Protein chains: 2
Amino acid sequence: MKEYKKSKLNSVKRGANRATYDIEKINTILDAGFIGYVSYNFQGKAIAIPMAYGRKGNKIILHGSNANRMLTSLLEAKEMSMTVMHLDALVLARSGFHHSVNYRSATLFGTCKKIEDKEEKNDALFCFMEHMMKGRWNGIREMNNEEFERTLVVEMTIETASAKIRDVGVADEPEDYNLDVWAGLIPIKQIATYPIPDKGKPESMEIPQHVLDYYEQNK
Amino acid sequence: MKEYKKSKLNSVKRGANRATYDIEKINTILDAGFIGYVSYNFQGKAIAIPMAYGRKGNKIILHGSNANRMLTSLLEAKEMSMTVMHLDALVLARSGFHHSVNYRSATLFGTCKKIEDKEEKNDALFCFMEHMMKGRWNGIREMNNEEFERTLVVEMTIETASAKIRDVGVADEPEDYNLDVWAGLIPIKQIATYPIPDKGKPESMEIPQHVLDYYEQNK
């Protein structure tokens with residue numbers, strides 16, 4: 001399967017020309033970040049909460065405390081959706097109407113379950129950490145039993161999804177190109193600045209390669 | 001009123017020590033960005049969609065096409081919630097369990113309505129644009145009637161809200177500070193890069209002050 005099947009749920013209606021259902025493109029959007037907005041119903045009201053996530057294939061890993069209200073609601077509902085968006089530019093047009101932003105966004109729909117099996121849970125936490133920062137898992141202090149038990153790991157299986165991408169320039173009305181109005185793009189990006197060691201031993205330690213790699217790839 | 005009243009809906013349960021209900025602090029978070037995640041129910045499923053917004057006092061302005069599925073759903077429900085989050089750092093601890101992120105997030109709950117009155121609608125669109133980029137409204141080509149009619153403007157009144165802020169360093173277990181594990185922060189921020197003029201007249205025009213100001217404040 002190369003594309004998610006379109007249904008009423010995931011079909012993009014507005015700006016359908018910017019929509020894609022291509023699995024690889026959607027995965028690329030997911031892998032460009034690690035914060036997603038997970039929606040859930042609380043007393044009939046839809047609420048979106050930012051959550052860190054990891055991805056492996058068509059699985060999304062979330063975790064939190066055993067008492068996390070959102071995660072326990074998701075597990076009761078057995079289904080969930082998550083949206084990820086990267087802002088790439090302000091699009092300043094000659095008319096207010098054509099002002100826009102460039103972005104990449106993906107909305108996922110799927111089922112979810114608690115991971116109970118010890119080995120699976122450990123693998124899921126590894127996937128989560130690797131997604132955020134490759135190489136971080138090795139070398140940190142291992143999780144102890146109490147921490148492991150207090151952590152709730154939820155696995156979402158992506159059943160369907162859609163993405164929207166706007167990555168073009170200003171699109172004004174033909175007659176407006178003659179106006180003396182400055183139009184253009186202001187590119188926007190999320191960057192990392194140089195790592196700051198914690199007090200104590202890290203102050204005199206070399207910054208590890210995986211941390212420097214993250215900085216170099218995101219600066 | 002300096003704080004939003006706490007209720008079951010907006011009370012922060014997990015990490016309550018990081019929570020605030022202070023209206024000014026929440027407004028500061030809202031004004032540091034212009035993309036919010038609006039939740040709505042579609043056929044019983046909660047979906048979060050990223051939306052550009054403007055703020056004026058306790059009002060949030062959204063807009064879109066008259067046929068926008070999410071906006072029309074919100075107007076039917078007459079209530080909505082929106083979440084805004086800024087990612088500030090990766091917090092790399094000595095144990096996996098204490099890895100975290102620094103961030104500022106706000107979740108708003110309130111009522112919403114369509115703005116029908118022509119003058120109010122115009123004011124709302126001005127507020128929206130000013131929130132994204134101060135000074136942009138003046139000088140662009142005025143909206144024509146057709147554009148005005150095709151634009152749906154929704155005003156949310158914030159009834160209650162909460163925010164969570166993590167802005168401290170690594171918080172490891174006391175006994176872990178002796179480990180030879182590098183720990184620290186990687187600061188993350190969203191920046192603007194230098195404005196890129198559209199083809200045609202803007203290529204030979206001076207970049208206007210409001211655009212340069214935006215760049216200077218966000219670079």
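Q: How many of the residues of strand 6 (residues 79–92) of chain A are buried?
A: The model is a predicted one, and a residue counts as buried under 20% relative accessible area. Strand 6 of chain A, which spans residues 79–92, is mostly covered by this criterion. Of its 14 residues, the number buried is 12.

Q: Is A:H86 buried or exposed, and at what relative accessible area?
A: A:H86 belongs to strand 6 of chain A, a strand that is mostly covered. The cut-off for a buried residue is under 20%, and A:H86 counts as buried because its relative accessible area is 12%.

Q: Which residues touch the most other members of the largest nonpolar core?
A: The largest nonpolar core holds 44 residues. The contacts of A:L90, not counting residues up to four places away in sequence, include A:V101, A:L185, A:I186 and A:I188 in chain A and also B:F34, B:M132, B:M133 and B:Y214 in chain B. The residues of this core that touch the most other members are A:L90 and B:L90.

Q: What share of the contacts in chain A with a separation of 6 or more comes from residues 24 or more positions apart?
A: Chain A contains five helices and 10 strands, and its C-alpha atoms fill a box of roughly 70 × 50 × 35 Å along the principal axes. Of its 219 residues, 53% count as buried. Among contacts with a separation of 6 or more, the share from residues 24 or more positions apart is 68%.

Q: How many residues apart in sequence are the parts tied together by A:Y194 and A:Y215?
A: Over all chains there are five aromatic pairs; one of them is formed by A:Y194 and A:Y215, edge-to-face, with 5.1 Å centre to centre and 85° between the planes. A:Y194 lies in the loop between strand 9 (184–192) and strand 10 (196–197) of chain A, whereas A:Y215 lies in helix 5 (residues 209–218), so the pair ties together parts whose separation in sequence is 21 residues.

Q: What is the relative accessible area of B:W137?
A: B:W137 forms an edge-to-face aromatic pair with B:F126, at 5.7 Å centre to centre and 85° between the planes. B:F126 lies in helix 3 (residues 118–132) of chain B and B:W137 in the loop between helix 3 and helix 4 (145–150), so the pair ties together parts 11 residues apart in sequence. B:F126 is partly exposed at 33% relative accessibility, and B:W137 is also partly exposed, with a relative accessible area of 22%.

Q: Which residue of chain A comes closest to the rotation axis?
A: Chain A can be laid on chain B with an RMSD of 0.0 Å by a turn of 180° and a shift of 0.0 Å along the axis, and the two copies are thus related as by a two-fold rotation axis. The copies meet through the same surface, because 100% of the interface residues of chain A are also interface residues in chain B. The residue of chain A that comes closest to the axis, with its C-alpha atom at 2.1 Å, is A:Q190.

Note on methods. Residues numbered from 1 in each chain as written. Chains lettered and ligands numbered in written order. Predicted model: local features only at pLDDT ≥ 70, side-chain atom pairs only at ≥ 80, totals over all residues. Heavy atoms only, no water. Phe/Tyr/Trp six-rings, centres within 6.5 Å; stacked < 30°, edge-to-face > 60°. Helix = DSSP H or I, 4+ residues; strand = E, 2+ residues; numbered from the N terminus. Buried < 20%, exposed > 50% of the residue type's maximum accessible area, 1.4 Å probe, protein only. Least-squares fit on C-alpha atoms with pLDDT ≥ 70 in both. Contact = heavy atoms within 4.5 Å. Core = buried A, V, L, I, M, F, W, Y, C linked by side-chain atoms within 4.5 Å.
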